[in-house]
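Please keep the sequence and the model at hand while reading.

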Amino acid sequence: MASSSSAFLCFTFWALLISPAVSLTCSSQKFTKNEVFSNCLDLPSLSSYLHFSYDSSNTTLSIAFIATPPKSGGWIAWAINPTASGMAGSQSLVAYKNSTTDVPVVHTYDVSSYSSIVPKDLSFEVWEKTAESRSDGSLAIFAKIKVPADLAASGTINQVWQVGPGVGADGLLVKHDFATANLQSKGTLDLKNGQSSSSSGGDTRVKKKNIHGILNAVSWGILFPLGAMIARYIRTFDSADPAWFYLHVFCQISAYAIGVAGWGTGLKLGSESSGITYSGHRNIGIALFVLATVQIFALFLRPKKEHKYRFYWNIYHHSFGYAILVLGILNVFKGFSILRPEHKWKSAYMIVIIALGGISLLLEAITWVVVLKRKSGKSTKPYDGYNNGQSRQQPLAM
């Protein structure tokens with residue numbers, strides 16, 4: 001009896017765990033007009049669902065697409081791309097709530113490019129376009145589509161789906177996010193077998209973005225600040241001369257090489273993203289590349305310690321160094337806001353920066369203690385290593 005009760009409790013427990021998951025799948029979704037479709041799919045991103053039936057005798061595709069806008073006044077879209085796998089070139093059905101009546105409406109959009117998304121008739125016939133608002137906050141698009149002859153012959157179509165935060169004047173759609181889920185919202189739909197496969201293009205692009213982010217975070221965001229700390233603080237100690245200089249050069253040249261690689265991946269991503277521009281991030285990246293390139297070449301133009309122009313070279317070198325330091329860290333955080341990785345990665349970088357900042361404050365205090373002791377002892381050896389024992393002492397700088 002006890003074993004039967006235990007078995008019943010276990011069954012009830014697992015049923016409670018499983019039932020919420022089942023309720024989120026397309027098989028449990030119902031429509032107000034009791035429409036029935038032959039196939040349904042849980043699409044792999046953006047918590048979206050597609051119900052469809054395909055009549056091969058007249059190449060008619062009936063669809064119901066369900067998704068939840070990211071904001072209350074947002075939009076959802078489902079599209080067929082006759083020529084490619086991405087959003088550019090797609091023929092889209094877009095639904096949103098009318099701002100005046102709060103009634104869901106459907107419009108067609110010809111997405112000829114990322115910079116040109118306008119309401120327009122599609123390149124194929126579409127009829128019975130309707131939309132409905134669902135109790136869970138999602139929207140549904142219903143439509144019947146005349147599949148183009150070449151796509152009907154192949155039996156597969158490229159599908160793209162998306163959600164966005166709002167609709168502006170004259171039906172202009174507010175730009176959607178470019179997070180991983182948004183970039184992966186595309187795939188191939190098999191009309192005959194009722195199956196869908198995800199496109200690998202989104203994964204490849206996300207990997208390129210991740211590589212770009214990692215390279216730049218390590219170079220501009222960590223190695224450059226570390227090299228600057230070595231130049232400012234480690235050289236204070238006599239025993240570290242000239243080791244501090246070689247460590248400084250090694251960090252900065254390594255940072256520059258990695259940074260150039262990251263900059264190159266950014267250029268490649270930009271060339272593959274027609275109509276998508278992050279002006280601030282791009283402009284800071286260009287400025288960093290220029291400043292760092294001049295800084296590296298300055299190594300070969302460095303006057304000797306006793307040269308009369310060495311003082312002015314130091315000012316230029318330090319000014320460029322601090323500019324790179326500030327712009328590099330700023331651009332890393334701009335990159336985080338664009339890429340939107342898991343929160344742990346941004347937190348990890350913030351911990352690294354805070355740690356470097358804390359160490360810098362400690363070393364700054366130690367440096368001034370050492371300098372003041374030397375001054376009080378009337379030491380003739382300069383602490384910055386530039387004057388080679390001459391009486392003139394340079395101010396402490398990076």
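The largest cavity of this structure holds about 310 Å³ of space. The structure is a predicted model, and the search of the whole of it finds 3 cavities of 30 Å³ or more.

**The largest cavity**

- The lining of the largest cavity consists of 23 residues, and those nearest its centre are H248, V249, Q252, Q295 and H317.
- Helix α7 provides the largest share of the lining of the largest cavity, with 7 residues.
- By class, the lining of the largest cavity comprises 14 nonpolar, 6 polar and 3 charged residues.

**The largest pocket**

- The volume of the largest pocket is about 1,100 Å³.
- A total of 42 residues line the largest pocket, and K209, H212, G213, H281 and G335 are the ones nearest its centre.
- At least two lining residues of the largest pocket come from each of α4, α5, α6, α7 and α8 (343–376).
- The largest share of the lining of the largest pocket belongs to α4, which supplies 12 residues.
- The lining of the largest pocket divides into 22 nonpolar, 15 polar and 5 charged residues.

**The sheet**

- Five strands form an open sheet in the order β1-β2-β3-β9-β8, and their pairing is antiparallel.
- The edges of the sheet are taken by β1 (39–42) and β8 (126–133); each has a single partner strand, so one side of each is left without a neighbour in the sheet.
- On average, and with direction ignored, neighbouring strands of this sheet are turned by 15° against each other.

**Aromatic rings**

- The search of the whole structure finds 12 aromatic pairs.
- One of them is an edge-to-face pair formed by F31 and F37, with 5.8 Å centre to centre and 75° between the planes.
- F31 counts as buried because its relative accessibility is 7%, under the 20% limit for that class.
- F37 is likewise counted as buried, at 18% relative accessibility.
- A further pair is stacked: W220 and F224 have 5.2 Å centre to centre and 0° between the planes.
- W220 and F224 are 4 residues apart in helix α4, so about one helical turn separates them.
- W220 is buried, with a relative accessible area of 5%, and F224 is buried as well, with a relative accessible area of 6%.
- F31, F37 and F142 are linked into a cluster by ring pairs.
- In general, the distance of the centres and the angle of the planes describe a pair of aromatic rings.

Methods: Residues numbered from 1 in each chain as written. Predicted model: local features only at pLDDT ≥ 70, side-chain atom pairs only at ≥ 80, totals over all residues. Heavy atoms only, no water. Pairing = 2+ DSSP bridges. Axes fitted to C-alpha atoms, helices over the stretch in contact; angles between N-to-C directions. 1 Å grid on protein atoms, 1.4 Å probe; cavity = no way out; pocket = protein on both sides within 12 Å on 5 of 7 lines; lining within 4 Å. Points joined across faces, edges and corners; volume = space filled by probe spheres on them. Nonpolar A, V, L, I, M, F, W, Y, C, P; charged D, E, K, R; others polar. Phe/Tyr/Trp six-rings, centres within 6.5 Å; stacked < 30°, edge-to-face > 60°. Buried < 20%, exposed > 50% of the residue type's maximum accessible area, 1.4 Å probe, protein only.
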